[in-house]
Amino acid sequence: LLAKTEGSHILQYMDAHWIGTVSTNPHITDEKDKEAIRQVLAKMNCTPLFFDKDIQDAYYLGMCKQVLWPAFHNIDSVDFVRSGHM
């Protein structure tokens, strides 16, 4: 999971695929709507995740903000290619 950052060079060396939740108001519950969104975002190398509202809120405030964001924030500043780790 990489955030597309202006000026990032990591995408010159690696393929990226974006994965994330889709937040709308009202909450999307119709499977046809979800599939339409999946098809549009697939063309942009993105995979949307659809959670029930309570799970999405817990994910965003818990896992996302407390674990994933700190772990992956500024990952594009780490240059794996030039460091010899690739």
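The protein chain contains three helices and two strands, where helices (H or I, at least four residues) and strands (E, at least two) are DSSP runs numbered from the N terminus. Along the sequence these elements follow the pattern β-α-β-α-α. The model is predicted, so local features need pLDDT of at least 70 and side-chain atom pairs count only at pLDDT 80 or more, whereas totals for chains, interfaces and linings use all residues. Residues are numbered from 1 along each chain as its sequence is written, and side-chain values use heavy atoms, leaving out hydrogens and water.

**Confidence**

pLDDT is the predictor's confidence in each residue, from 0 to 100. The protein chain has a mean pLDDT of 78, and 72% of its residues reach 70 or more.

| Element | Residues | Mean pLDDT |
|---|---|---|
| helix α1 (highest) | residues 31-42 | 95 |
| helix α3 (lowest) | residues 80-83 | 58 |

Where pLDDT is low, the predicted coordinates should not be read in detail.

**Helix α1**

The twelve residues of α1 should span 16 Å at 1.5 Å a residue, and the end C-alpha atoms are 16 Å apart, which agrees; the expected span is 1.5 Å times one less than the number of residues.

**Burial**

Of the 86 residues in the protein chain, 13% are buried (under 20% relative accessible area, 1.4 Å probe, protein chains only).

Definitions and conventions:
Buried < 20%, exposed > 50% of the residue type's maximum accessible area, 1.4 Å probe, protein only.
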